Amino acid sequence: MLKCPVCGGRMSVTEDKKSVKCDGLNPKNKKHSFDFSSDGYLSFGVTGGDSKEAVAARRAFLSTRAYELAALPIRSFVKLFVPDCKLLIDAGCGEGYYTSMLSEVSENTVGFDLSKFACAAGAKQAKRDGKTNLLYASASVFELPLQDGCADAVTNIFAPCAEEEYKRILKPGGYLFVVGAGKEHLMGLKRAIYDDVYENGERADLPKNMEKVDCINAHYSWKICGKENIAALFSMTPYYWRTSEGDKEKLASLEELVTDIDFEINVYRKEND
Ligand SMILES: C[S@@+](CC[C@H](N)C(=O)[O-])C[C@H]1O[C@@H](n2cnc3c(N)ncnc32)[C@H](O)[C@@H]1O
């Protein structure tokens, strides 16, 4: 299912299993290859995305299981809509918290992220878990090195939504799951910092040219214990970058924080040919 990002040729794993190489069936008959990193992810040579520190903070926070009750419905939705999933692509997968869970309802799963640190963390965890049906690769979600119509399902969780690219890689009748913040997501966190608190608005990059077939919210209240876990959650949010030092201190003094967790799960279907 891999497509050479240089010439569009079909790619396969080399005999020594250290790289993938294209078939060179392009006009210049030149072959291109991309290597697996020592951590085990496939590197397409992109740069950017989350820093090492951001990846570590997300991993630490997610390991508290605060988001588990919101993550489980995503997996259930995939299983419900795509019961015979051969290939699932998690676009903007981060360090693979959801990707790993989703690999339980798909024969094969590939997580793509721009961040090499995120891909490395995901690949190392997959190795520790002995998951052989799960691959991580560094690439942009706007230019995925995948053949047209290869995926049964695409998940896109708190990451940029590249509608046209997801549509291109989905099989006809395939499903796209876009997950982001619902109206009440992290209200408790916002109340602890700001005087005036507003509900989250609708995101601007939701798909416009695919049929929306379902939408649910996974919404509950959760107590986050410990300064370090509150700090890790805060650093994962966009508020971290827009909050004054004074307001940041309000949060830093808290030992526990009760907040809404509100995930909005939108489901889209690619029409049949
Ligand atoms: C908020 S994190 C979410 C990660 C993961 N889905 C989760 O919810 O735990 C957003 C992720 O998108 C990645 N990202 C940002 N722009 C990207 C792009 N153009 N292509 C691929 N990944 C991208 C970042 O590196 C980061 O890992």
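**The ligand and its surroundings**

Author: A polar side-chain atom of D113 lies 2.7 Å from an oxygen atom of the ligand. This is a predicted model, in which local features need pLDDT of at least 70 and side-chain atom pairs count only at pLDDT 80 or more, while totals for chains, interfaces and linings use all residues. Residues are numbered from 1 along each chain as its sequence is written, and side-chain values use heavy atoms, with hydrogens and water left out.

Reader: Which backbone atoms lie by a nitrogen atom of the ligand?

Author: A polar backbone atom of V141 is 2.9 Å from a ligand nitrogen, and a backbone N or O atom of I157 is 2.7 Å from a ligand nitrogen. The protein covers 86% of the 600 Å² of accessible area that the ligand has on its own.

Reader: How do the residues of the shell around the ligand divide?

Author: They comprise 11 nonpolar, 5 polar and 3 charged residues. Asp, Glu, Lys and Arg count as charged, and Gly is among the polar ones.

**Salt bridges**

Reader: Why are D50 and R58 said to form a salt bridge?

Author: The term requires a side-chain nitrogen of Lys or Arg within 4 Å of a carboxyl oxygen of Asp or Glu. In D50 and R58 the closest N and O atoms are 2.9 Å apart, so the pair meets the rule. By this rule there are 15 salt bridges.

Reader: Why is D50 called partly exposed?

Author: Buried means under 20% relative accessible area, exposed over 50%, and partly exposed in between (1.4 Å probe, protein chains only). D50 has 29% relative accessibility and therefore counts as partly exposed.

Reader: How is E68 classed, and what is its salt-bridge partner?

Author: E68 has 22% relative accessibility, so it is partly exposed. Its partner is R65, with the closest N and O atoms 2.7 Å apart.

Methods: Polar contact = N/O pair within 3.5 Å; in protein donor to acceptor, adjacent residues only side chain to side chain. Areas by Shrake-Rupley, 256 points an atom, 1.4 Å probe, with all protein chains shown as cover.
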